[in-house]
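Visitor: I have a model open and would like to talk it through with you. Could you take my questions as they come?

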Amino acid sequence: MSAPKYKLTYFNMRGLAERIRLVLHAADLEFEDHRLERSDWPAVKPTIEGGKLPVLDVTTCCGKTRRMNESMAIARWLARKYQMMGSNDDEYYEIERMIGLCSDIDRDVAMIIHATEDARPKLIEEFKEGNGPRLFGMMAKHLEASQHGLVTGNKATLADFCILCTIDQVESNVPGFLTDKFTIFQSHRERILKDKPKLADYLENRPKTAY
């Protein structure tokens with residue numbers, strides 16, 4: 001039986017779709033990465049249930065297409081399908097715990113991204129002095145204790161890809177923060193990409209976007 005065909009539709013940015021892209025590349029799957037410009041959205045929006053992106057169209061070998069929405073539901077579905085959600089209950093917990101920490105950081109970064117120019121410096125300083133070191137400290141402590149340098153086990157999981165995405169957003173919007181405080185994340189990134197050449201190639205050559 002042939003593999004399903006995947007078409008991921010999102011804007012031309014990392015944003016909410018990047019975790020999905022990383023799972024697809026890490027699984028060595030071919031897929032259509034359909035990137036919309038903002039000017040395209042008014043015409044496309046009425047065709048999308050709920051009016052939100054990303055969506056993933058999955059076409060089976062018999063030609064039946066199913067459309068999925070909600071970014072983390074899609075990412076979890078793919079990760080589970082391609083054995084990236086751990087091999088037991090304890091591993092699953094650690095994966096979900098790291099995803100939760102990433103989500104907490106992502107919310108703070110989203111506030112920085114969408115803040116006015118006047119409000120942004122204060123939010124950045126609050127992040128650098130509060131949730132940033134607290135949450136990244138918890139993640140770093142976990143990775144430093146890991147036998148294989150990954151969130152759990154000896155294979156990269158959805159949690160590892162979420163960490164990559166969160167770090168990219170922080171480095172884009174709070175430059176220098178991670179470099180100054182947490183060197184473990186560079187070795188974590190190298191550990192993931194050592195076993196995932198297709199993912200490494202994507203990260204090296206993907207479109208350069210602000211977020």
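Predicted model: local features only at pLDDT ≥ 70, side-chain atom pairs only at ≥ 80, totals over all residues.

Visitor: What does Leu193 touch, if residues up to four places away in sequence are not counted?

Guide: With those left out, Leu193 touches Leu199, Ala200 and Leu203. As for Trp77, which is 116 residues apart from Leu193 along the chain, the two C-alpha atoms are separated by 22 Å.

Visitor: Okay, what does the domain assignment give for the protein chain?

Guide: The assignment gives domain 1, made of 5-83 + 198-205, and domain 2, made of 89-196. Their C-alpha centres lie 22 Å apart, and 16 residues of domain 1 are in contact with 17 residues of domain 2.

Visitor: How much area is buried between domain 1 and domain 2?

Guide: About 1,400 Å² is buried between domain 1 and domain 2, with carbon and sulfur atoms giving 64% of that area. On the domain 1 side, Arg14, Arg19 and Arg76 supply 37% of the area buried against domain 2, which is more than any other three residues.

Visitor: And how many salt bridges are there between domain 1 and domain 2?

Guide: The count is 2 salt bridges between domain 1 and domain 2. Separately, the side chains of Arg76 and Glu96 meet in a salt bridge with an N to O distance of 2.8 Å.

Visitor: Which helices each supply at least two residues of the side of domain 1 that touches domain 2?

Guide: Those are α1 (18-26), α3 (71-81) and α10 (197-205), and α1 gives the most to that side, with 5 residues.

Visitor: Changing topic to the strands, is β3 mostly covered or uncovered?

Guide: Strand β3, residues 55-59, is mostly covered, since 4 of its 5 residues are buried.

Visitor: Which way do β1 and β3 run, and how many bridges join them?

Guide: Strand β1, residues 5-11, runs antiparallel to β3 and is joined to β3 by 5 bridges, with Leu8 standing opposite Leu56 in β3.

Visitor: What about β3 and β4?

Guide: Strand β4, residues 65-69, also runs antiparallel to β3, and 5 bridges join the two; Asn69 in β4 is the bridge partner of Val55. β3 and β4 form a hairpin with 5 residues between them, and Gly63 in the turn has a positive phi of about 90°.

Visitor: Which residues does the cis peptide bond join?

Guide: The cis peptide bond joins Leu53 and Pro54, with omega about 10°, and Pro54 lies in the loop between α2 (41-44) and β3.

Visitor: Last topic, then: what is the phi of Asp28, and where is the place of that residue?

Guide: Asp28 has a phi near 60°, a positive value in a residue other than glycine, and its place is in the loop between α1 and β2 (31-36).

Visitor: Why does Asp28 count as exposed?

Guide: Asp28 counts as exposed because its relative accessibility is 56%, and the cut-off for exposed is over 50%.

Visitor: And what about Glu70, where does that lie?

Guide: Glu70 lies in the loop between β4 and α3, and its phi is near 70°, again a positive value in a residue other than glycine. With a relative accessible area of 47%, Glu70 is partly exposed.

Notes. Residues numbered from 1 in each chain as written. Heavy atoms only, no water. Buried < 20%, exposed > 50% of the residue type's maximum accessible area, 1.4 Å probe, protein only. Pairing = 2+ DSSP bridges. Contact = heavy atoms within 4.5 Å. Domains from an automatic or database assignment. Buried area = accessible area lost by both parts, 1.4 Å probe. Salt bridge = Lys/Arg side-chain N within 4 Å of Asp/Glu carboxyl O.
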